[in-house]
Amino acid sequence: QVQLVESGGGLVQPGRSLRLSCAASGIIFSITDMGWYRQAPGKQRELVAGITKGGSTNYADNVKGRFTISRDNAKNTVYLQMNSLEPEDTAVYYCNADVYATRWSILSKYWGQGTQVTVSS
């Protein structure tokens, strides 16, 4: 089994920064894509940013230029640096990872439990 544990959320004023981390642990042979999603109250979960094992990234239009996704493959960890935060960024942030548990396993997607980010003055 694979567990994803997020950290780094909290309450922050508009214009400030936060850095989220998500560490994967358990039976892991290889992790391909990793990403961050968010879900605000009354809204659907949406992709914020994604990153491949080779480091290629993609971002939602409303976070481009403000958020940066990165990963440390040796630590099975993905990060989300969030700058110039806006009240509209308030949401529960979830990380996910596409994992091969063993050399012979099928690719499976795992989710973290979520971390709350609140942007408010």
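Me: Is Asp89 buried or exposed, and what is its relative accessible area?
Reply: The model is a predicted one. A residue counts as buried when its relative accessible area is under 20%. Asp89 falls in that class and is buried. Its relative accessible area is 1%.

Me: Which residue forms a salt bridge with Asp89 at 2.9 Å, and where do the two partners lie?
Reply: Asp89 is in the loop between strand S8 (77-82) and strand S9 (91-100), and its partner is in strand S4 (residues 30-39). The pair links distant parts of the chain, 51 residues apart. Both partners are buried. With the closest N and O atoms 2.9 Å apart, the residue that pairs with Asp89 is Arg38.

Me: Asp89 and Arg66 meet in a salt bridge; how many residues apart in sequence are the parts that this pair ties together?
Reply: The N to O distance between the side chains of Asp89 and Arg66 is 2.8 Å. Asp89 lies in the loop between S8 and S9, whereas Arg66 lies in the loop between strand S6 (57-59) and strand S7 (67-72), so the parts tied together are apart in sequence by 23 residues.

Me: Is Arg66 buried or exposed?
Reply: The cut-off for a buried residue is under 20% relative accessible area. Arg66 has a relative accessible area of 11%, so this residue is buried.

Me: Which strands are tied together by the salt bridge between Asp98 and Lys109?
Reply: The side chains of Asp98 and Lys109 meet at 2.8 Å, N to O. The two residues are 11 residues apart in sequence.

Me: What accessible area do Phe29, Tyr100 and Leu107 have together?
Reply: Phe29 is placed in the loop between strand S3 (18-26) and S4. At 45% relative accessibility, Phe29 counts as partly exposed. With Tyr100 and Leu107, Phe29 forms a nonpolar patch on the surface, and their accessible area together is about 270 Å².

Notes
Residues are numbered from 1 along each chain as its sequence is written. This is a predicted model: local features need pLDDT of at least 70, side-chain atom pairs count only at pLDDT 80 or more; totals for chains, interfaces and linings use all residues. Side-chain values use heavy atoms; hydrogens and water are left out. A salt bridge is a side-chain nitrogen of Lys or Arg within 4 Å of a carboxyl oxygen of Asp or Glu. Helices (H or I, at least four residues) and strands (E, at least two) are DSSP runs, numbered from the N terminus. Buried means under 20% relative accessible area, exposed over 50%, partly exposed in between (1.4 Å probe, protein chains only). Patches are made of residues with over 30% relative accessible area and no salt bridge: like charges are joined within 9 Å, nonpolar side chains (Val, Leu, Ile, Met, Phe, Trp, Tyr) within 5 Å. Accessible areas come from the Shrake-Rupley method with a 1.4 Å probe; for residues, only the protein chains shown count as cover.
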